[in-house]
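Work through these exercises with the structure at hand. Try each task before reading its solution.

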Amino acid sequence: MNEKDHIDLLREYFVDLEKMLQLLDRSSKKAKETGKHGEYSMEDYDILEAFTARFSRLADFLASKFLRTILILLRDDNIAFIDRANFFRKNGGHSFR
């Protein structure tokens with residue numbers, strides 16, 4: 001892939017990221033309503049499971065696709081995951097909204 005291909009891919013990832021964040025926000029709002037009476041129903045467990053699954057998919061997407069593509073564009077893709085995370089934390093990548 002050339003640089004233009006990676007930029008196009010990153011644009012697609014931004015669209016995907018926005019959709020994932022909207023779904024996670026929706027799940028978060030539902031999850032906050034669970035367990036209001038001290039007990040969790042089976043429906044509450046399903047809601048919490050959906051929230052954690054969406055969070056996990058988002059985290060995986062960010063680490064394996066989104067941030068990796070940015071690093072490829074920056075010509076710095078051959079570093080360990082923890083170094084990637086530190087790079088983005090130090091360079092203001094902790095807030096994507």
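**Exercise 1.** Find the residue with positive phi that follows helix 2.

Solution. The model is predicted: local features need pLDDT of at least 70, side-chain atom pairs count only at pLDDT 80 or more, and totals for chains, interfaces and linings use all residues. Residues are numbered from 1 along each chain as its sequence is written, and side-chain values use heavy atoms, with hydrogens and water left out.

**Exercise 2.** Check the span of helix 2 against its number of residues.

Solution. Helix 2 covers residues 42-73, which is 32 residues. The expected span is 1.5 Å times one less than the number of residues.

**Exercise 3.** Describe how helix 1 packs on helix 2.

Solution. Start with the axes, which are lines fitted to C-alpha atoms over the stretch in contact; angles run from 0 to 180 degrees between N-to-C directions. Helix 1 (residues 3-32) and helix 2 pack at about 160°, with axes 9 Å apart. Therefore helix 1 is roughly antiparallel to helix 2 (angles over 145 degrees count so).

**Exercise 4.** State how much of the protein chain is buried.

Solution. Buried means under 20% relative accessible area, with a 1.4 Å probe and protein chains only. Of 97 residues, 28% count as buried. In helix 2 they include Phe61, Leu62 and Phe66.

Key. Helix = DSSP H or I, 4+ residues; strand = E, 2+ residues; numbered from the N terminus. Buried < 20%, exposed > 50% of the residue type's maximum accessible area, 1.4 Å probe, protein only. Parallel < 35°, antiparallel > 145°, perpendicular 65-115°, else oblique.
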